[in-house]
Amino acid sequence: MAMELEYDRSLYGVEHKAGPFEITNEIIDRANSSVGETGPAFHSDETAREAGFRGRIAPPTLC
Amino acid sequence: MKVKFGRTQMHAGQRVEPKAPVYAGDQLTASSHLKDVYAKTGRSGTMVFIVWETTFSNQDGLVVAEVQESFAKRE
């Protein structure tokens, strides 16, 4: 069943940009707390490096 | 995003695909575009879905995440 939807089709192909947003340690702490992330690589640089990262990482759901 | 349909709108899910690690000190930029608009009819009636895609990149231009977010409109 095809339905003719009325909206602004000129929006296709238009990129909306935002940022830059700096990811601070505080933001990572809050993101961890929001999703209940307890993995060590998300909490300290040392344990993150042991896991092969350059430093402490942020949970992707931050995005 | 004005779609002529329905009177209520709700969030209908978000999918995050991590592509690269995000570190403290990174500067992220976001670029969003309209991906799709479509109607779906089920038992509870017809809903119109509006789908946005956002690409997050860091200060080196590396894509760190791809996000797809949907909104649903209904009567």
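A salt bridge, for this tour, is a side-chain nitrogen of Lys or Arg within 4 Å of a carboxyl oxygen of Asp or Glu. Before you click, know that this is a predicted model, where local features need pLDDT of at least 70, side-chain atom pairs count only at pLDDT 80 or more, and totals for chains, interfaces and linings use all residues. Residues are numbered from 1 along each chain as its sequence is written, chains are lettered from A and ligands numbered from 1 in the order in which they are written, and side-chain values use heavy atoms, leaving out hydrogens and water.

**Stop one: the salt bridge.** Select B:K4 and A:E6, whose side chains form a salt bridge at 3.3 Å, N to O. Across the interface of chain B and chain A, the rule finds one.

**Stop two: the whole contact.** Now pick out 34 residues of chain B and 29 residues of chain A, which make up the contact (heavy atoms within 4.5 Å). Together the two chains bury about 2600 Å², with 62% of it on carbon and sulfur atoms; buried area is the accessible area (1.4 Å probe) that two parts lose on being put together, summed over both.

Colour strand 1 (residues 16–22) of chain A and strand 2 of chain B, which run antiparallel and are joined by five bridges. Strands here are DSSP runs (E, at least two residues), numbered from the N terminus, and two of them pair if DSSP finds at least two bridges between them. Finish on A:A18, whose bridge partner in strand 2 of chain B is B:A30.

How values were computed:
Helices (H or I, at least four residues) and strands (E, at least two) are DSSP runs, numbered from the N terminus.
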